[in-house]
Amino acid sequence: MTHCKIKFAFAAAVFAASASYAHAEWPNDRPIQMIVAFAPGGSTDVMARAIEPFLEKELGADIVIENRPGASGEIAYTALSKAKPDGYTFSYINTPGYLSMQVQRKLGYDPKTIKPIVRIVDDPTAIVVPAASEIKTLKDFVDAAKAKPGAVSYGSSGVGTDDHLAIILLGAATGTTFTHIPFSGAGETRTAILGSQVSGGGLNISEFAGNDTSGLRMIAHFGTDRSPQLPDVPTAKEQGFDVEMTSERGIAAPRELSDEITQKFGEAMKKVLDNPEFQKQAKQLALPLAYLSGPDWEKQMPDRLARFQKIWNETPWVK
Amino acid sequence: MAFLDVLMLGFSEAFTPTNLFFCFVGALLGTLIGVLPGIGPTATVAILLPVTFFLPPLGALIMLAGIFYGAQYGGSTTAILVNLPGEASAVVTAIDGYQMARKGRAGAALAIAALGSFFAGTVATIGLAVAGPTLSSFALSFGPAEYVSLCIFGLLAATILAHGSVIKAIGMVCLGLVLGMVGIDVNSGSTRLTFGSTELYDGIDFVVIAVGLFGVAEIASNLEFKEARGVLQSTIGRLWPTKQEFKESWGAVLRGTGVGTILGVLPGGGATLSAFSAYSVEKKISKTPEKFGHGAIAGVAGPEAANNAGAQSSFIPLLTLGIPSNSIMAMMLGAMTIHGITPGPSVIQNQPELFWGLVASMWIGNAMLLVINLPLIGVWVRLLKVPYRLLYPAILLFCCIGVYSVNNRGFDVALVILFGVLGYVLRKAKCEAGPLLLGFVLGPLLETNLRRALLLSQGDPLVFVERPISAVLLLITAGMLLTLILPAIRKGRKEAFEASED
Amino acid sequence: MSGSSTAKRDFPDILAGGVMIGLGALGLWAGRDLQFGSAAMMGAGFLPDVICGMLIAIGAYVLIKALGKAYEPFDESNFKPLIILVVAIAGFAFMSETLGFIVSTIWLLVIGSLADQESRWREIAISTVLLTIFGALVFIYGLGVQMPILPF
């Protein structure tokens, strides 16, 4: 049957490399499994698939991406914490979800059993309004909310996401209330802002700059410094609001993974991130690359976690 | 004319041998994937995404788009042949399509579905080319209040789907709504009705419910007695629709195309709603509504046309605004950004060859689908000749793998058992699963938008009538409700009188 | 119809009403801890409670009406195929992630085939082998379904 042939052709095309391994030392024993905690098509998934061929080349190994979506990543992280620490299972992890989740509920895994290996992206959260809006600066945004409490609505990509936490922080810092409207995902938020269904909304720099920006205006972002992708957008700090919020993505492995493999993998990832070919692709995806070694990244985590715990104690975002 | 110029440009871009090849591969692959339940186009597009890095941008997009509408069409094939809707929009096709297949008219149902889809695809593509930007501003004007009204309209349509008792259909819609609420509540973040299971945090997948209620329950009841199976293999009949069947279909195709083109533009539930709405339109205006549910060809033609038109026009918000209206469109967006294309108004201006090439390729893709599928009808129908004892284990396997592949876990397959048993019990109770599925699909859309609308209006329920589009939708719903209730009241009175005369 | 008016009760409707009431009550129970809120500020539990309530009401209505309706029995039933299918699918569900595609598929097909009294061992064996090979090639290799092939 002809359709079988085509299937085979595709099988061959997609898995061309998979025949080439035999029993050998890491990483050539079998394909490395990269867990993505979100469904195919999401920004983490697209990033993982963009990295895949480059990392395969650096490691000289096969990589299989496995989507384990569910419970904002908890299902994937639980799978990672239970995986054998043999260097064949890694997972992408995303903050603040990875950290804030431990604050808001009892988890199916112990975060101590997971070891961050490399940070890839540090993507500031930003406030975006319709281009026709009278709100031009973050101050306008806050003033409007102060003038008419509840009248300024803010769309986020979900409860407990960085967008949501950012507006809680902004509200706490200024003593104002915004009407928080959670959407499911950045796509829906963008649509709502474009259609002026909300006064403004939270999008990350990559979610904003990676798409068509006509009809939208970013008034501020919550990064530490100005973003190379959008150098004209001032940070919240510059505008006098002491709020910081970014969404980071990186790779983690089970805690027991040997130092040797950890180091090899981390170095390979560093080379990928330094590769101009990859950087070209990252630019098209508007990924704010921000390499950080595993230990350095992990060092930052307790600080962030404590901050989330503090917000949670004051205003728990899940009731 | 400028329009013809750009269209020419588009066709000259799309009609290169390589692009035609990509289009063909995409449409064929899509059809085959669509036929396998559960294995959706999203997963396939995801797997092929890295491959498309090495293709020219237009070729890559043409292939991915081909997979999308191929799968859309392929999903109806299993709905008609074995009563297994692979996705929400095919649920309606299963209602009358499967009944036609049981009467030996599977060929006719498939042919009408193919021809109707092609026609609808053509019209929707022209719609995209001519009125894309206008339609997309229509999509943007749809806020939470409008979605609420649209959902209420859709839920009313669900009761028209039923050919049995209306009150039981409403009960099934409610059951579907409750099932749709399982998981983390979008508005508050709290978990609901999950019985403490992390696996249920993201809710129940559509495929799980469809495979359980339709697939497993159907197999279980077919196997109950030998006679039940006999019907399946009665006669194959002629493959091509009769003159009478064509006559009954063409109007339905026209109306379905209209409904689908407009509703498909709406991000979210648009494309799904279009098939349901087209079905209720056909049943409403039909002179023989009692035939619906027992193999009315208009009940296949209308929804199939709407479904395909909706699939085409769901490209409109993506191409004109950069808004992905569903997960497949999100994958397409990912593919585009990897190639350095940011869909939106700028693409039409700066890369017209890409935009118009894609539009032209959509039409070519639809023609390709027709070329692939018309000859395949004979093959599919012959599949029904395979003895059921050999056919059903294969269906069972495809169902289980399909369900597994949604989240890559056995948990979902285990859930299928629950819904299989529920489906079997509901059959014994003479309740229909169609309205349940519509309630399930629309429930989350209705709830999140209802709460969003009230949050935005700060608790003022008048938003639903103050916004014009929402008010019009509610008026139409009220009108439909009246036509539904009035005859029932009159009939009820008549029955009451007759009873008192006894 | 009116001839057998002594034997009333519409059994399918009684079952339908019972299922609706049961599932509605289950929903109410499962959502008992959720915040109800008000119509303007709906809590997570508002709509689940309202709709489960509606479901119970409709179920009760169907049930009560069924008691007075003309006699209608259940369609003849044979639970054996359903039970066998449940066992087959359950095996697949629990084995697929750990024991892999081949073991779970063979279980599913062999046990599942027994649901039909007409099945013959020779045919089951042949179709199981063919479908397992076809499935492994198309789904696991071709479409990249993320399931192990063999137990590791």
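Chain B and chain C meet in a contact that takes 53 residues from chain B and 60 residues from chain C. On chain B, six helices are listed as giving two or more residues to the side that touches chain C: H3 (41–52), H8 (166–180), H9 (206–224), H18 (388–407), H19 (410–428) and H20 (433–456). By class, that side of chain B has 34 nonpolar residues, nine polar and ten charged. This is a predicted model.

Now turn to chain C itself. Chain C has two parts: domain 1 covers 2–68, and domain 2 covers 80–142. The C-alpha centres of these two domains of chain C lie 37 Å apart.

Chain A holds a cis peptide bond. The bond joins Thr95(A) and Pro96(A), with omega at about 5 degrees. Look for Pro96(A) in the loop between strand S3 (89–95) and helix H4 (97–104) of chain A.

Further along chain A comes Ser196(A). Its loop runs between helix H7 (186–194) and strand S7 (200–204) of chain A. Ser196(A) is not a glycine, yet its phi is positive, near 55 degrees. Is Ser196(A) buried, exposed or partly exposed? Ser196(A) counts as partly exposed because it has 17 C-beta neighbours inside 10 Å.

Phe195(B) is found in the loop between strand S2 (191–192) and H9 of chain B. Helix H9 is one of the elements on the side of chain B that touches chain C. Phe195(B) has 9 C-beta neighbours inside 10 Å, so it counts as exposed.

Terms used:
Residues are numbered from 1 along each chain as its sequence is written. Chains are lettered from A and ligands numbered from 1 in the order in which they are written. This is a predicted model: local features need pLDDT of at least 70, side-chain atom pairs count only at pLDDT 80 or more; totals for chains, interfaces and linings use all residues. Two residues are in contact if their C-beta atoms, placed from the backbone, lie within 7 Å. Helices (H or I, at least four residues) and strands (E, at least two) are DSSP runs, numbered from the N terminus. Ala, Val, Leu, Ile, Met, Phe, Trp, Tyr, Cys and Pro count as nonpolar, Asp, Glu, Lys and Arg as charged, and the others, Gly among them, as polar. Domain bounds come from an automatic or database domain assignment. A residue is buried if 20 or more other C-beta atoms lie within 10 Å of its own, exposed if 12 or fewer, and partly exposed in between; C-beta atoms are placed from the backbone.
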